[in-house]
Amino acid sequence: MANARKRWEEQTLKPALSKSPEKPIGAPSGINCDEKGNARFTTLSGVPVERLYTEEDLPPDWSEHQDQYLGEPGQPPYTRGIHSSGYRGKLWTMRQFSGFASPEETNRRYKYLLAQGGSGLSVAFDLPTLMGRDSDDPESEGEVGKCGVAIDSLDDMETLFSGIDLEQTTVSMTINSPASVIWAMYLAVAEKQGADWRRISGTLQNDILKEYIAQKEYIYPPAPSMRLVVDTFEFAAHHLPRFNPISISGYHIREAGSTAQQELAFTLYDGMEYVEWALRRGLSVDDFAPRLSFFFNAHNDFFEEIAKYRAARKIWYRVMTQRFRAKSPRAAWMRFHTQTAGVSLTAQQPKNNIARVAIQALAAVLGGTQSLHTDAYDEALALPTEDAARIALRTQQILAYESGVTKTVDPLGGSYFVERLTLDMEKSAFAYFEKLDAMGGMVRAIEKGFPQKEIAEASYAYQQAVEAGEKIIVGVNEYMMEEPQPQILHIDESVREAQSSKLKKLRRERSNEAVARSLLALCHAAEKEDQNTMPCFLECVKAYATIGEICNALKKVFGTYNEVTLS
């Protein structure tokens with residue numbers, strides 16, 4: 001093999017380079033070259049990419065021990081997927097992340113998406129809801145209904161899912177600090193519909209660690225926040241065997257500017273931290289771990305993204321079986337949802353985003369995702385229009401039914417390039433694990449500002465590369481042109497006015513005495529480390545306490561959190 005490669009380099013490659021020297025496509029002269037003037041090619045994350053990959057780029061024992069590196073689909077270490085037949089037996093769930101303005105308007109959009117062939121719902125909440133504030137809170141002004149749907153009380157949640165059978169529809173909810181409140185509202189609605197909790201399925205994001213790392217929508221300090229997360233694990237294990245109480249999210253880490261390697265490492269280590277805290281509670285890893293789910297970004301570098309997903313499954317299997325001694329096969333399965341990269345969408349020439357989203361979605365599918373959301377092309381400008389949301393869904397359907405990629409499992413398995421990228425991803429993740437272990441875990445690392453600083457530095461380096469022309473973004477720093485902006489969805493202040501009116505009516509008609517009792521009981525439960533808070537959250541929402549009232553009550557027990565200043 002080595003001799004054949006050397007002959008190829010001398011007899012074929014060298015004459016070709018003398019006639020046509022290599023240079024990164026689109027980069028200005030002298031950009032992306034080393035000190036000798038040779039062209040440098042890297043992934044989006046800055047990892048060097050060689051001209052050619054062969055068997056020599058894989059470990060010497062690759063052929064003898066492929067069961068350890070690859071395995072077969074549905075078998076450890078799950079590099080090739082957790083399901084033996086891939087998508088031949090069941091397609092990924094086609095979710096569209098949607099929520100805007102009022103619960104009434106979002107309910108109509110959900111029914112539209114389901115009628116167009118969507119197979120699951122994914123709820124986007126507005127900023128006040130994400131921060132645990134009511135729509136009539138002075139700090140909510142200007143944000144109600146703007147980036148998602150406004151949910152203030154159980155009444156709003158009832159409206160949001162009116163006419164939607166929650167026993168038959170899987171629902172994902174992107175909510176974190178007030179996740180317990182929103183989940184309690186959802187479960188109360190399901191109960192009112194007559195749904196059996198043991199049969200409903202869906203996912204609660206509930207990933208508070210990534211809020212401190214990247215998205216910054218936190219309320220309470222890390223320790224009490226982690227306690228609330230573990231309460232949901234325990235409650236789900238006892239009452240909701242088909243519901244995922246957490247979606248451990250690398251998506252927002254990547255959106256904040258991390259590399260693919262950082263997204264992978266920090267996300268999986270967050271998962272390890274949640275497992276550690278649940279074990280301290282006394283939960284059995286084989287009872288709660290099968291319901292842990294993950295959420296990854298699908299960015300523009302096609303092969304790097306595929307390698308990331310394959311490495312994630314392999315690493316999680318190794319961690320769960322070796323570090324946490326899980327015995328149940330499902331406890332070691334890496335199940336994940338993917339969303340195409342919102343941060344990659346451009347306001348300039350926005351229809352170019354249709355192509356970006358299609359490439360990103362294809363990477364997610366070839367990487368073996370269980371669930372997928374495709375961004376709408378106009379999301380860099382505003383919330384998606386109905387037309388843009390439909391095109392995003394059609395993109396998934398074209399991949400599923402026209403592209404042929406679902407016909408075989410892990411079609412890129414065995415590619416020298418993909419396998420080397422997968423191995424390098426794995427190595428990079430474990431290097432970060434060692435650093436985080438030395439710091440005492442992710443909560444301690446967050447308090448020291450470590451992952452935040454790593455991401456900030458990666459984001460800055462990428463932006464410098466874009467501004468220098470080392471990274472080309474079509475329509476932004478190359479191939480620019482003027483074009484009219486498309487029609488966008490505009491949310492005005494009438495949504496806040498309507499929500500505020502509903503809140504006044506609610507507070508007038510409910511039993512405020514019952515609300516006060518339920519909030520006091522919640523605070524007493526929060527003060528006791530050995531008491532699960534979920535039953536109290538349920539009582540609060542059933543009394544029609546608002547999200548702001550519930551979160552403000554807990555602030556008296558837990559306090560609030562101010563982020564460490566990065567040095």
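The buried residues of helix 3 pack against strand 1, strand 2 (120-124), helix 5 (154-160), helix 14 (386-401) and helix 18 (494-509). Here, buried means under 20% relative accessible area, exposed means over 50%, and partly exposed covers what lies in between, with a 1.4 Å probe and protein chains only. Contact means heavy atoms within 4.5 Å. Helices (H or I, at least four residues) and strands (E, at least two) are DSSP runs, numbered from the N terminus. The model is a predicted one, in which local features need pLDDT of at least 70 and side-chain atom pairs count only at pLDDT 80 or more, while totals for chains, interfaces and linings use all residues. Residues are numbered from 1 along each chain as its sequence is written, and side-chain values use heavy atoms, with hydrogens and water left out.

The residues of helix 3 that are buried are P103, T106, N107, R109, Y110, Y112 and L113. Helix 3 itself covers residues 103-115, and its 13 residues reach 18 Å from the first C-alpha to the last, close to the 18 Å expected at 1.5 Å a residue. The expected span of a helix is taken as 1.5 Å times one less than its number of residues. Just after helix 3 comes G117, with a positive phi of about 110°.

Two packed helices are described by the angle between their axes and the distance between the axes. Axes are lines fitted to C-alpha atoms, for helices over the stretch in contact, and angles run from 0 to 180 degrees between N-to-C directions. Angles under 35 degrees count as roughly parallel, over 145 as roughly antiparallel, 65 to 115 as roughly perpendicular and the rest as oblique.

With helix 6 (residues 179-193), helix 8 packs at an angle of about 25°, the axes being 11 Å apart, which means that helix 6 is roughly parallel to helix 8. Helix 6 contributes S180, W183 and L187 to this contact, and helix 8 contributes L228, T232, F235 and A236. Sorted by class, the contact of helix 6 with helix 8 has five nonpolar, two polar and no charged residues. For these classes, Ala, Val, Leu, Ile, Met, Phe, Trp, Tyr, Cys and Pro count as nonpolar, Asp, Glu, Lys and Arg as charged, and the others, Gly among them, as polar.

Helix 8 (residues 222-239) and helix 20 (residues 534-542) have axes 9 Å apart and pack at an angle of about 95°, so helix 8 is roughly perpendicular to helix 20. In this pair, L228, D231, T232 and F235 of helix 8 meet M534, P535, F537 and L538 of helix 20. The contact of helix 8 with helix 20 divides into six nonpolar residues, one polar and one charged.

Helix 6 also holds V189, which is buried at a relative accessible area of 4%. Not counting residues up to four places away in sequence, V189 touches L154, M157, E158, F161 and L166. The C-alpha atoms of V189 and A331 are 142 residues apart along the chain and separated by 29 Å.

Another buried residue, Q339, has a relative accessible area of 7% and belongs to strand 8 (residues 336-340). The side chain of Q339 makes a polar contact of 2.9 Å with the side chain of D375. A polar contact is a pair of N or O atoms within 3.5 Å; within protein, one must be able to donate a hydrogen and the other to accept it, and residues adjacent in sequence count only if both atoms are side-chain atoms. Beyond its neighbours within four places in sequence, Q339 is in contact with F97, Y251, F295, F296, N297, A298, H373 and D375.

The loops bring some backbone features. Most residues other than glycine have a negative phi, and most peptide bonds are trans. P76 and P77 are joined by a cis peptide bond, with omega about 5°, and P77 is found in the loop between helix 2 and strand 1. G81 is placed in the loop between helix 2 (66-69) and strand 1 (93-98) and counts as buried at 10% relative accessibility. The contacts of G81, leaving aside neighbours within four places in sequence, are P73, G74, Q75 and R313. R325, a residue other than glycine, has a positive phi near 55° and is exposed, with a relative accessible area of 55%.
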